[in-house]
Amino acid sequence: MSFSGRRFSINKSSGQGSNERRFSTSKDPSASELGSDIHIQFREAHAGHRPHAGLDPSRASTGVVWCTERAYEHGFLDNPSEWANLGQGAPEVEDDIEGSFQRPKSIEVSITGREYGPTAGIKPLRKAVAELYNAHHRKGKKSQYTWENVCIVPGGRAGLIRIAAVLNNAYLGFFIPDYTAYNEMLSLFRNFAAIPSPLSEADGYTIHPDKIAEEISRGVSVILTSNPRNPTGQVVANPELSEIQDICRDRATLIMDEFYGGYNYTSSCDGSVVSAADNIDDVNADDVLIIDGLTKRFRLPGWRVAWVVGPKEFIKAIGSCGSYLDGGTNVPFQEAAVGMLEPGKVRAEMKALQRHFVGKRDLVVGRLREMGFEVKQVPNSTFYIWLDLSGLPEEINDGLNFFQACLQEKVIVVPGIFFDLNPAKRRDLFDSPCHHFVRLSYGPRMENLTKGLDAIERVVKKYRGNSKSGSK
């Protein structure tokens, strides 16, 4: 067998471009990509981009943390108040959103709270979560959730890790782009094989029934996805969501990350939440696992209180494996969370949340369009914008170089390349459809958003000015 005349599409990180650009673009790497400090630093930090691609002496952090670490190198750690962090994956946590309930300023620690708690969570909180889902998503349905259908976990990542630990041998389908922390979960376990599936810009980077049917037809029996989608800010709602669940029923386990479900702008900000729980026939027969918690829609990321809702058999296994994975969730915070989940209180909270954040979304989209960005799809959920940089000057029209230019102006965004999930670094991420995007968050307070947008405008004007002067 001869390889003569065969052309390969691998770029080494020696600083020299190959003769052939990889299949995702029609041109050679630009000088700004090959020579920029941030590109070189990224390649050196990730084993998959090194000359010795088989060597992985350390595991990289998630994308958001990596970006924060680079910001620390530019002074963010010493003077965070001078910065605008539009890369953060968390909403504002203050108490001044109109119509929102006041968060506890202190927490009483009971005698029970001093003890180890059950690894599946305390029964009162599990019951409160079940009752919330029944009130908002199962009203009038014969099959209802009970406390045995709920496992309390110390954060969303812990929930994902627990689910991964109890999965059977399977092909697990995931989609690109999606939540950066899935990378680590998909890399750590060997009881399943992770199968990537790129989403189309023409489809708004959303999943749809035909896509799910295609994945199942090629042997995928577990599907993991965020809905609403991080980072693209789009949600799949009924009837499409119901059709997807019908396709998966008795064929595939569906893992639904619904952490941004409260940030739903598709129903006139009436407080309703999009959830797969609406479409389940039998809560103990339908293989649908739902992950959510206090982190995003209750604006309490520091509490690390989340939950997994699903069939009792799954929940029993997920609860038990916490004994060797994470030890369970902080008991005093669980006790304090019970009263927050009264269904009427939650509906009012979601209404206040949606009205507040849709206003911030409109502000950010308007400012970006004034700067000349093309925002093709206005987010209908979450607090993220998947921002296309391809119309910018070449020096900043990819996510990493734009990120580096923003650091000079004390603003943080997240390069899109981090959302091109690459478990175990099996691919060269510079051959990525996400390369010319950043995720921009409108989670922070309004004054920080304004500060960050002003900084981005300075970046754009600077490089557009340089581009014009260089062409004379």
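Apart from residues up to four places away in sequence, Leu449 touches Leu86, Lys360, Val364, Ser441, Tyr442 and Pro444; contact means heavy atoms within 4.5 Å. This is a predicted model, in which local features need pLDDT of at least 70 and side-chain atom pairs count only at pLDDT 80 or more, while totals for chains, interfaces and linings use all residues. Residues are numbered from 1 along each chain as its sequence is written, and side-chain values use heavy atoms, with hydrogens and water left out.

**Leu449**
- Leu449 sits in helix α13 (residues 446–470); helices (H or I, at least four residues) and strands (E, at least two) are DSSP runs, numbered from the N terminus.
- Leu449 counts as buried because its relative accessibility is 0%; buried means under 20% relative accessible area, with a 1.4 Å probe and protein chains only.
- Lys360 is 89 residues from Leu449 along the chain, and their C-alpha atoms are separated by 8.3 Å.

**The whole protein**
- The protein has 13 helices and 12 strands.
- Of its 472 residues, 55% count as buried.
- Among contacts with a separation of 6 or more, 75% are between residues 24 or more positions apart.

**The largest nonpolar core**
- This core has 136 residues, of which Trp307, Leu368, Phe373, Phe402 and Ile456 touch the most other members; a nonpolar core is a set of buried Ala, Val, Leu, Ile, Met, Phe, Trp, Tyr and Cys residues joined through side-chain atoms within 4.5 Å.
- Helix α11 (residues 343–370) gives the largest share of this core, 9 residues.
- The core lies between domain 1 (31–44 + 57–94 + 349–464) and domain 2 (111–342), because both give residues to it; the domain bounds come from an automatic or database domain assignment.
- Phe402 is in contact with Phe373, Leu389, Leu392, Ile396, Val413, Val438, Ile456 and Val459, leaving aside neighbours within four places in sequence.

**Strand β2**
- In strand β2 (residues 150–153), Val150 and Ile152 on one side and Cys151 and Val153 on the other are all buried.
- Strands β2 and β8 (residues 306–309) run antiparallel and are joined by 4 bridges; two strands pair if DSSP finds at least two bridges between them.
- Val309 in β8 is the bridge partner of Val150.

**Arg103**
- Arg103 is in the loop between β1 (84–85) and α4 (123–137).
- Arg103 counts as buried because its relative accessibility is 6%.
- Leaving aside neighbours within four places in sequence, Arg103 is in contact with Asp95, Phe298, Arg299, Leu300 and Glu349.

Key:
Buried means under 20% relative accessible area, exposed over 50%, partly exposed in between (1.4 Å probe, protein chains only).
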